[in-house]
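Q: Could you walk me through how to read this structure, feature by feature?
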Amino acid sequence: MAQIRVEALDKSFGSFHAVKSASFTVEDGQFLCLLGPSGCGKTTTLRMIAGLELPTAGTIRLDGEDVTMNRASARDIAFVFQLFALYPHMNVRRNIGFPLKCEGISAAERDRRVVEAARILRISHLLDRSVSGLAGGDRQRVALGRAIVRKPKCFLMDEPLGALDTEMREAMIHELRALHDRLGATTVYVTHDQLEAMAMADRIAVMNNGVVEQVASPRDIYDRPASLFVADFIGSPPMNFLPFRGGLQTGAEAIRLGERDVAIPVAREAMAESELVLGVRPEHVRFTDRGMVRGEVYGTEYLGTTQIVTVTTSYGALKARSPSSRSFRTGETVGLDFRPDTLSIFEKASGRAIRTALHEGAAHG
Amino acid sequence: MAEVEIHAVSKAFGKTQALSDLSLTVGNGEFVALLGPTGAGKTTALRLIAGLEQPDEGSIRIDGRDVTGDAPADRDVAFVFQQYSLYPHLTVFDNMAFALRAPTRRVPEADIRAKVQEIARLLQIETKLNNKATQLSGGQMQRVAIGRALVRSPSIYLMDEPLSSLDAKLRGELRLELKRIQVELGATILYVTHDQTEAMTMASRIGVIEGGRLMQIGTPREIYENPINAHVAARLGQPVINLLPAALFAGAPTGAETIGARTEHLTIARGSGDVSATVKRVEHLGDQSHLHLDLAGRPVVTLADPEGGFGAGDVVSLRLNKPLFFDAKGWRVAA
């Protein structure tokens, strides 16, 4: 198993700058998700780690060794694609064993490792079946089998669940994470699905327009987003953004929003007067008659225990998560306030999160 | 738009009984969701209404007219499939306009243009109208597929998991959009899904379907608060309802074997009490956090109160607050 270190990685295709100075480290045994919308550079980054693309600049180290210019076959990694290509004329056993055959491993050893991989993936009963008759989930398990049978230093996976239906995908999320826990293999996993990333990853690297915007635990990505983009991309419904103009002193405990002071986590940096954005997660919006923001109920989405209430305010439509036991009438005037210790503040122009006491609880490493 | 009535429909494929005695009416302008796992018979129900399959028994009426024997083209329904199939050589505009340009329809080109642009705006793909269908992302293609149905004004829209291939953020946005468009157009929709959030947030009524049978139909709130059995109770609600032996708590009615306790049925307080449990962990899922408890060796999962502040190892007391009760076979027992 291995540590993967990506340093200032750049990739251009002609005039298109796909990846811009990406840096992150995946520690031995860690599960890292590269998360972002389509076209953000996550797959290109993965392909560079695999050796399927050569970077324009930067370094990739596997266990300290510089492999940036090594061929893919010399990197001892296994790649699992979204569109899993199985050999249709081979049965499951031969599909899984194929990479070992290519490496010239003896038939007896091959069979032992195929049986072990099948046991781990719970497809032992399918070993002698043809792959063409298999369901989507089982085909993906065979594709995974072909990766794990090689016992590589690390796994690189490109949306491996993207082709499955939602139900199967949810089941496979838990299976993949359990598999990772059993094998302990360093894994880099590309997805555009925040639920997959939140449920599986030890750490998430959020990418946008070729830039790694934040690398952190799922918890920190959600609670302490480093940028407006991250705050908006993660969370369902996403974070509410209230634009305002103001300045901040180091040590400030409130901002001025309209006519009212709003308590915030203590500011750890100063900001000259500029356009700022207050970020509030829907579960941190509270309904109170003395609320600092007033608005009109636009609609509710019933979710059982909770409901999402959309309120039209002078800051735009704000979404609040509230217990379903409370009833709201469309058009009703309500007051809102926010749980102070959870609020984020962003600089509008750069999208950067302004440092406050919120960031001090972050788990580093 | 029109009322669609399915009466005592059954359908078997070989030895597999896909649907048994399904009766269901979708009112004019109503949004009904059929909710169930893969293989429950949801898609078969849609295909029967569309005329892509013939029922073994029963009848289907659209706007009072028996269409059971009619060909799909004569039924005036629009179908949105889970796997979008667009014409790759056509632009987004031409894909969306395709059905309106059918020779039998004779829609003036100016009307087609206006309609396609209106629907493209609702679906936020108006800037993509001149792109080839193949130049789109998956989410955009799926919106074009939905748009192709929405440009028509059929008796009913039949939608088979149209959002399932999209990412969570887009899914959330399109849920709201689709509901808004449905209200705006006054559209009649029968929508098949296994995603409870989609069913709960969009449908006026949910039909819970399992093993080819309709188990219960009602408003999202009725199904959630008043399920007829433990199976239906487990279909709605995140985290899934906790089903616990009645003997663990005092006060269960006669005949009750199982207590069904959701987050709102449990009062959790710090320190031990009549019934105590231990906090195992708090799981952060992004949109919500789950509190995992150990109650005498049994897992209990509730939605964590963001202000609760419980941590692993904490001892808490549990009190029930009007939970659901089920008998040995899983049927509801009155409290």
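A: Let us begin with contacts: two residues are in contact if their C-beta atoms, placed from the backbone, lie within 7 Å. Keep in mind that this is a predicted model. Take Phe229(A) as the case: beyond its neighbours within four places in sequence, Phe229(A) is in contact with Asn208(A), Glu213(A) and Gly351(A).

Q: Where does Phe229(A) sit in the secondary structure of chain A?
A: Phe229(A) belongs to helix H8, which covers residues 228–233 of chain A.

Q: Is Phe229(A) buried or exposed, and why?
A: The idea is to count C-beta atoms around the residue: 20 or more others within 10 Å make it buried. Phe229(A) has 21 such neighbours inside 10 Å, so it counts as buried.

Q: How far apart are Phe229(A) and Arg352(A), in sequence and in space?
A: Here you compare two kinds of separation. Along the sequence, Phe229(A) and Arg352(A) are 123 residues apart, while in space their C-alpha atoms are 8.9 Å apart.

Q: Let us turn to chain B. What does an overview give me?
A: Start with the secondary structure and the overall extent. Chain B has 8 helices and 19 strands, and its C-alpha atoms fill a box of roughly 75 × 45 × 35 Å along the principal axes. Of the 335 residues in chain B, 41% are buried.

Q: How is chain B divided into domains?
A: Domain 1 runs over 4–234 and domain 2 over 242–333. Taken over C-alpha atoms, the centres of these two domains of chain B are separated by 37 Å. Their contact involves 6 residues from domain 1 and 8 residues from domain 2. On the domain 1 side, those residues divide into 4 nonpolar, 2 polar and no charged.

Q: And between the chains, how many residues does each one bring to the contact?
A: Chain A gives 27 residues and chain B gives 28 residues.

Q: Which elements of chain A supply at least two residues each to the side that touches chain B?
A: They are helix H5 (166–183), helix H6 (194–200), helix H7 (218–223) and strand E16 (293–302) of chain A. The largest share, 4 residues, comes from H6(A).

Definitions and conventions
Residues numbered from 1 in each chain as written. Chains lettered and ligands numbered in written order. Predicted model: local features only at pLDDT ≥ 70, side-chain atom pairs only at ≥ 80, totals over all residues. Buried ≥ 20, exposed ≤ 12 C-beta atoms within 10 Å, placed from the backbone. Domains from an automatic or database assignment. Nonpolar A, V, L, I, M, F, W, Y, C, P; charged D, E, K, R; others polar.
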